[in-house]
Structure formats: structure tokens, C-alpha cells
Amino acid sequence: MTILEEKNNIIKSNQSTYPVKIIKLANDLGISVYSTAFKNNISGAILKKEDKYVIYFNEKDNKNRQRFTIAHEISHFLLHTDKIGDNLTDIPSGVMYRSRLSNIYEKQANRLASEILIPLKLLRNLLLENITDISKLADLFQVSEEGIRIRLKEGGNIFLPEDL
């Protein structure tokens, strides 16, 4: 089994129920997660400390925002590991948030974060049960209503292919 397949299996094993237990997923991937009081409206960051990865999220953000931030930083770990540095000022090889990295990296991380937090299979099952209220779906997945709308609009999985 390749490292990519192993990581994909870890993600899928954490997507059997909603809401996805995002901190458990991070820990299963070998990433430690901590809350902190960021300044300047920073929502989160992922850093490499020696051979380990650490995610920090803003304790002042609401729970849904925190969950998305953690999923977003996990996505950087999965997609852009080689670009993660060891401190907040180490740009461009440092923190992914608000760095000089191309917007494509941020868009990729946002898309994968959505795929992680709102597994297509679980979403489809709810829709088949006629649970279509955006607010109800957002509550079940513990994400924003906007996140549900985007996921419904975009549909399939780009980064986490899934057997349909």
C-alpha cells in the first residue's frame, strides 16, 4: 500500500458518521492540533516541528469555522507537505495561511477540506432520505450553510475519489 492510499484509508475510516471527527482524523494522520488566540484574524496554521506536524486554530472562531480551518490545514498537509515550514514568518516555505503561495493552493485546500467534512456518500444518503434543508444539513455536518451550498453545487470529489 502506498502512503497516499494509506492516508486516503485513514480519511475514509473517519468519514463513516457525521459530523466527521476532525481532530481525531488529524491525530490519526500523525498531526497534533491545538487551539490558540491568534492575532490579526488568522484562523489557523500548520507548521512542521522537527519531523512532526502541528495545526493551530483560532480559539476565538466559532466551532464550524474551527472545524473548517482544521480540515483546511489537514488538506495542506495532504496536498502541499513540501511547502510547510517551521514558523509563522518563514515565507514562502512557511505557514500556508496568508502566504505568498498561489491562490491555487488555497483553493485546492478549501476544496479538499469540503470533501473531508462533507463526505459525498453521507450527503447523498441524507438527500435520498429527503433531508434537503440547508440549515439542517449544515447542523448535521457542523459546517456553515455556505459550505453545504458549495458542496451541493460542486458535487463530486476531485481530491478524494470515492466509489459511488
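Modeller: Start with α6 and α7. Their axes come within 8 Å and cross at roughly 105 degrees. Keep in mind that this is a predicted model.

Biologist: Why are α6 and α7 called roughly perpendicular?

Modeller: The angle is roughly 105 degrees. Roughly perpendicular covers 65 to 115 degrees. The angle falls in that range, so α6 and α7 are roughly perpendicular to each other.

Biologist: Which residues make the contact of α6 and α7?

Modeller: From α6 come I134, S135, L137, A138 and F141. From α7 come E145, I148, R149 and L152. They divide into six nonpolar, one polar and two charged.

Biologist: What makes E145 and R149 a salt bridge?

Modeller: The closest N and O atoms are 3.5 Å apart. The cut-off is 4 Å. The pair is within the cut-off, so E145 and R149 form a salt bridge.

Biologist: Where do E145 and R149 lie?

Modeller: Both are in helix α7, residues 145-154. They are four residues apart, about one turn of the helix.

Biologist: Why is E145 called partly exposed?

Modeller: E145 has 34% relative accessibility. Buried means under 20%, exposed means over 50%, and partly exposed is in between. So E145 counts as partly exposed. R149, with a relative accessible area of 41%, is partly exposed as well.

Biologist: How do you know that E146 and R149 meet in a salt bridge?

Modeller: By the N to O distance, which is 3.8 Å. That is within 4 Å, so the pair counts. E146 and R149 are three residues apart in helix α7, about one helical turn. E146 is partly exposed, with a relative accessible area of 45%.

Biologist: What makes K24 and D28 a salt bridge?

Modeller: Their closest N and O atoms are 2.7 Å apart. The limit is 4 Å, so the pair qualifies. K24 and D28 are four residues apart in helix α2, residues 22-28. That separates them by about one helical turn.

Biologist: Are K24 and D28 buried, exposed or partly exposed, and what values put them there?

Modeller: K24 is at 43% relative accessibility, so it counts as partly exposed. D28 has a relative accessible area of 35%, so D28 is partly exposed too.

Biologist: How many salt bridges does the rule give?

Modeller: The count comes to six.

Biologist: Now α5 and α6. At what angle do they pack?

Modeller: Helix α5, residues 120-128, and helix α6, residues 134-141, pack at about 140 degrees. Their axes are 12 Å apart. That makes α5 oblique to α6.

Biologist: What is the handedness of the crossing, and which residues meet?

Modeller: The crossing of α5 and α6 is right-handed. L122, L123, L126 and L127 in α5 meet L137, L140 and F141 in α6. The contact divides into seven nonpolar, no polar and no charged residues.

Biologist: What about α3 and α4: how do their axes cross?

Modeller: The axes of helix α3, residues 63-79, and helix α4, residues 103-117, come within 8 Å. They cross at roughly 115 degrees. The crossing is right-handed. Among the residues in contact are F68, A71 and L79 of α3 and Y105, A109 and L112 of α4. The whole contact divides into 11 nonpolar, six polar and two charged.

Biologist: What does L79 touch?

Modeller: L79, in helix α3, touches Q108, A109, L112 and F159, not counting residues up to four places away in sequence. L79 and A109 are 30 residues apart in sequence, yet 7.5 Å apart in space, C-alpha to C-alpha.

Biologist: Why is L79 called partly exposed and not buried?

Modeller: Its relative accessible area is 31%. Buried needs under 20%, and exposed needs over 50%. L79 sits in between, so L79 is partly exposed.

Biologist: And what is the overall make-up of the protein?

Modeller: Seven helices and three strands. Along the sequence the pattern is α-α-β-β-β-α-α-α-α-α. Of the 164 residues, 41% count as buried.

Notes
Residues numbered from 1 in each chain as written. Predicted model: local features only at pLDDT ≥ 70, side-chain atom pairs only at ≥ 80, totals over all residues. Heavy atoms only, no water. Axes fitted to C-alpha atoms, helices over the stretch in contact; angles between N-to-C directions. Helix = DSSP H or I, 4+ residues; strand = E, 2+ residues; numbered from the N terminus. Parallel < 35°, antiparallel > 145°, perpendicular 65-115°, else oblique. Left-handed = near helix turned anticlockwise from the far one by under 90°. Contact = heavy atoms within 4.5 Å. Nonpolar A, V, L, I, M, F, W, Y, C, P; charged D, E, K, R; others polar. Salt bridge = Lys/Arg side-chain N within 4 Å of Asp/Glu carboxyl O. Buried < 20%, exposed > 50% of the residue type's maximum accessible area, 1.4 Å probe, protein only.
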